[in-house]
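Student: I have a model open and want to go through it with you. Can we start with strand pairing?

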Amino acid sequence: MSGLAARSEDLRVQSRRPLPARGRVPARWALSFLVALLGVVVLAAVASGAFQIRPGEAILILAHQVGLASADGFAAQQEAVLMSIRLPRVALGILVGAGLGIAGAAMQALFRNPLADPTLIGVSGGAALAAAAVIVMGVVWIPGLSRSLGPATLPIAAFAGGLVAATLVYRIATYAGRTSIAVLLLAGIAINALVEAGIGVFTYVANDEQLRNLAFWRLGSVGGASWTILAFVAPAIGAAMVVLWRLAAPFDALALGESEARHLGIDVQRLKAVALVAAALAVGAAVAVSGMIFFVGLLAPHVVRLACGPAHRVVLPGAMLLGAALVVAADTVGRTSVAPAELPLGVFTAFIGAPFFVALLLRERRAWVL
Amino acid sequence: MERFLTAAGAVALAAAAATTAAQGPTRVVAVGGAVTEIVYALGAGERLVAVDTTSVYPEAALKLPKVGYMRTLSSEGVLAMRPQAVIAAAEAGPKSAIAQIELTGVPVTTVPSDHNLDTVRVRVRKVAATLGLPGRGEELEKRIAAQWTDAERAVASYATRPRVLFLLAHTGNSALVAGEDTAADAMIRYAGATNAFAGVNGYKPLTAEAAIAAAPDIVLITTEGLETIGGADRLWSRPGLALTPAGKAKRVVAFDALYLLGFGPRMPQAVKDLAARLHGAT
């Protein structure tokens, strides 16, 4: 706890000084590079998988969809695999990664703390508790509801659970029209502890099968992607991304301190509320359809900040692009490395992300010691 | 979008046509240990192109490509084996992966996963029907029925009714006991014994006091579980267990997990073996 507070001080001091020039990449170059990186990763993801589809065939299939090619150059089953399994999966990976990345950047800006990530405000925890409730008790508690919603019950419940938890944390931290960031942090930790206990209860009453389903849900996956799921998730995450991206200038002002931002004419209270709602929306939607995907929200903004400096007009879109690239890359490795079986995505985001992050820290740590 | 759905439909039709034209599908992915056993028992093992990691019997199944654990299937991984049919246990999943496989035109047959003799029969019938081998399915069913009569007679011949505690110890230091509505509970009852934890539902963590209160005469465990614990001696050093009648007499019975709990074609034989070991032990 004291570590968090101390770090927060560090960052505030640090942000007042001009950052060291070494290792800084001009914003335009960095964003162009990230767009290119995402493009390469997405192409590689579309062209690789357990079911063999050569890049040329993939292009023919896509051209065929818009009527530019005949159906002669590929097998019908290749088309079915690409169009109904692989493409939606890659698209969901992009959305979820982008949502987690930008939400992470927004949380670090809001808390003015490099350790902040979206789990702090209870969204993921609330979603996990709701998911556990549906997996373990769904049929008992809400038989009619589960029947009418079918497989959509879990994501809808998880989304609602995430928003309820985040709202609760926000309400606890808001007193007399002002939201205290310190209380927000503590309330988030308390709610997360409560949620963890709730999941423990469900784990205890769960049967063997539910236990495994719960464990695998928590490891995260974008394997369940379909165009229908995308149609529901894209508007939520898309809206959150647009809203957060537009907060770049107020976030820069907030980096100077709350009262400084207020003097600069920023409605700090409104900024907090909008950022929290948008981040909760993005993370809630992401967790609802893909389970827990660790580390993306923490890692992506840091890497961009270490490379390009703290300006949010770069950090926000940068974290979005890098988050998307990271999730799609991790998912591709997960589904091809032990094919025809598959390793969980939540494991790989950390396996790929953590060593990279440590390497970056080792290279850049001089700039962090003040 | 529509174009591609039509394509998927065409694949489905083509697959269905191929199935009826020949003698059932010749490239099959089996998911679930019991399903794989049944395919082999029907003499159709050579049609399997891949199985899941729970398919560990017969030996030949171990040499086949693995599509991963039955609850974490990858739709693309399964399809990459180019199956004409997938036969899966009810708990196979995730559901979205099964739906994706069906969407590409590969039929998925799901067999039930309850813990009773009837389930074994239904499984055999469904697998045989999917493979286009109903005749061999009937033969296998008859064989199983005959073995069952034999097993029932054997069970009825024992006068004792031992209290049995089934210990699931697949993780290092925490063990679970089987309550009602588990495969182990069903097998214990079929074998003419009493489940010492009949009062609880599902698998529950074992506490020392509950173990003593349940007073089992025998501890039943899987061979894999006993290995995880580190042998019978380690088992009795667990808090509570040493003070039970089973612990005092050091009575432990171990069986292969798939044989004991799989509810596949060897189930009647397993009941007979289990009864012999349980009643012979007391």
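Student: Which residue in E9(B) does Leu165(B) stand opposite?
Tutor: The model is predicted: local features need pLDDT of at least 70, side-chain atom pairs count only at pLDDT 80 or more, and totals for chains, interfaces and linings use all residues. Residues are numbered from 1 along each chain as its sequence is written, with chains lettered from A and ligands numbered from 1 in the order in which they are written. Strands (E, at least two residues) and helices (H or I, at least four) are DSSP runs, numbered from the N terminus. E5(B) and strand E9 (residues 218-222) of chain B run parallel, joined by four bridges, and strands pair if DSSP finds at least two bridges between them; opposite Leu165(B) stands Val219(B).

Student: Which residue of E6(B) is opposite Leu167(B)?
Tutor: Strand E6 (residues 176-178) of chain B runs antiparallel to E5(B), with two bridges. Opposite Leu167(B) is Val177(B).

Student: What is the bridge partner of Arg163(B) in E7(B)?
Tutor: Two bridges link E5(B) and strand E7 (residues 194-195) of chain B, in parallel. The partner of Arg163(B) is Thr194(B).

Student: Why is E5(B) largely enclosed by the rest of the structure?
Tutor: A residue is buried if 20 or more other C-beta atoms, placed from the backbone, lie within 10 Å of its own. One side of E5(B) has Arg163(B), Leu165(B) and Leu167(B), the other Val164(B), Phe166(B) and Leu168(B), all buried. So E5(B) is largely enclosed because its buried residues number six of the six.

Conventions: Buried ≥ 20, exposed ≤ 12 C-beta atoms within 10 Å, placed from the backbone.
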